[in-house]
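Colleague: Before I rely on the labels attached to this model, I would like to go through some of them and hear how each one was reached.
Modeller: Then let us look at it together, and ask as we go.

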Amino acid sequence: MKKDQLFTRRRALLVGATAAAGAAGTAGLLGWGTGGTPGDEAGPAPGAPARRLPLKPSAYRLQPLTGYGPPRAAHGRTPVRRQPLLKMSGRDRTMVLTFDDGPDPRYTPHILDTLREYDVRAMFFVCGEMAVDHQKLLGRMADEGHVVGNHTWSHPLLTTLTRRQIRSQMTRTSKVIENGYGERPRWFRAPYGAWNRAAFQLGAELGMEPLAWTIDSLDWTTPGTRTIVDRVENGAAPGVVVLSHDAGGDRTQSVKALRRYLPHLLDSGYRITVPQRQYT
């Protein structure tokens, strides 16, 4: 069985089993300020309706990305969370796009091309077993100013692993990211959204903050490009984090959907960016 087929099958088998764990991990989540310390305000759970602003034409565009490189290293000790961060708290119409399970040379380059075309930065939560064979894509992410996060080595259900196994999944992936990206990741995401105490503790020990999402595009179910676009655009609101995928199956629809909704979001005044960690 091919690796992408295994991803899809494993996700489908476990999605029901992790519903409770995912709900526990994303209820009453924290927000964080752009360029500041994470705040304490709660955000909506994934899938919950967000308060939307009307989409209006705008001439707003981000500055070109070339030469940004990896984000600067944060200072201070990473706190141990009890819940993952979910949304951004800010005054403007800011959103974050995230892509999980890659990098995959069949789809990730196309996503990077679209992001570069519109001068947008995003977050990529990579799996070590995928990243180890595609270091050049990690280097490109660094060169174009994207943030790379840790999504474990082989995408397991963390709640079924021992602390030693979770640590191995995280540390192996962080080393691969450091080798290709230029620095160790400062963000991590639990596969299937299934978090537990050990994951939060070990992630913090490795200097990583846990990040969940606000909008789940459910693109891994291949519902159709139009459906993915509608889910992202209908859920667009200040501070939301969008979950999509660039690997783990056929991601042709994800690639096409990004090319449709990204320019629309930008024209409507949304600022697509990445979170900054600047602890003192």
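Colleague: Which are the buried residues of helix α8 (residues 225–235)?
Modeller: This is a predicted model, and in it the buried residues of α8 are T225, I228, V229, V232, E233 and G235. Their cover includes β9 (215–216), β10 (241–245) and α9 (252–267).

Colleague: Why is T114 called buried?
Modeller: The label buried is given under 20% relative accessible area, and T114 has 1% relative accessibility, so T114 counts as buried. The residue lies in helix α3, where T108, P109, I111, L112 and L115 are buried along with T114.

Colleague: What do the buried residues of α3 pack against?
Modeller: They pack against β4 (94–100), β5 (123–126), α5, β10 and α9. For T114 itself, leaving aside residues up to four places away in sequence, the residues touched are L258, R259 and L262. T114 and R259 are 145 residues apart in sequence, yet their C-alpha atoms are 6.4 Å apart in space.

Colleague: What is the phi of D119, which follows α3?
Modeller: The phi of D119 is positive, near 55°.

Colleague: Why are α5 and α6 called roughly perpendicular?
Modeller: The axes of helix α5 (residues 135–143) and helix α6 (residues 163–181) cross at roughly 65° and come within 7 Å. Angles of 65 to 115 degrees count as roughly perpendicular, and α5 and α6 are therefore given that description. As for handedness, α5 passes α6 in a right-handed crossing.

Colleague: Which residues make the contact between α5 and α6?
Modeller: From α5 the contact takes Q135, L138, G139, M141 and A142, and from α6 it takes V176, I177, N179, G180 and Y181. Sorted by class, these comprise six nonpolar, four polar and no charged residues, with Gly placed among the polar ones by the classification used.

Colleague: How many helices and strands does the chain have, and what share of its residues is buried?
Modeller: The chain has nine helices and eleven strands, and buried residues make up 56% of its 280 residues. Among contacts with a separation of 6 or more, 82% join residues 24 or more positions apart. The chain exposes about 12,000 Å², and carbon and sulfur atoms supply 50% of that area.

Technical notes:
Residues numbered from 1 in each chain as written. Predicted model: local features only at pLDDT ≥ 70, side-chain atom pairs only at ≥ 80, totals over all residues. Heavy atoms only, no water. Helix = DSSP H or I, 4+ residues; strand = E, 2+ residues; numbered from the N terminus. Buried < 20%, exposed > 50% of the residue type's maximum accessible area, 1.4 Å probe, protein only. Contact = heavy atoms within 4.5 Å. Areas by Shrake-Rupley, 256 points an atom, 1.4 Å probe, with all protein chains shown as cover. Axes fitted to C-alpha atoms, helices over the stretch in contact; angles between N-to-C directions. Parallel < 35°, antiparallel > 145°, perpendicular 65-115°, else oblique. Left-handed = near helix turned anticlockwise from the far one by under 90°.
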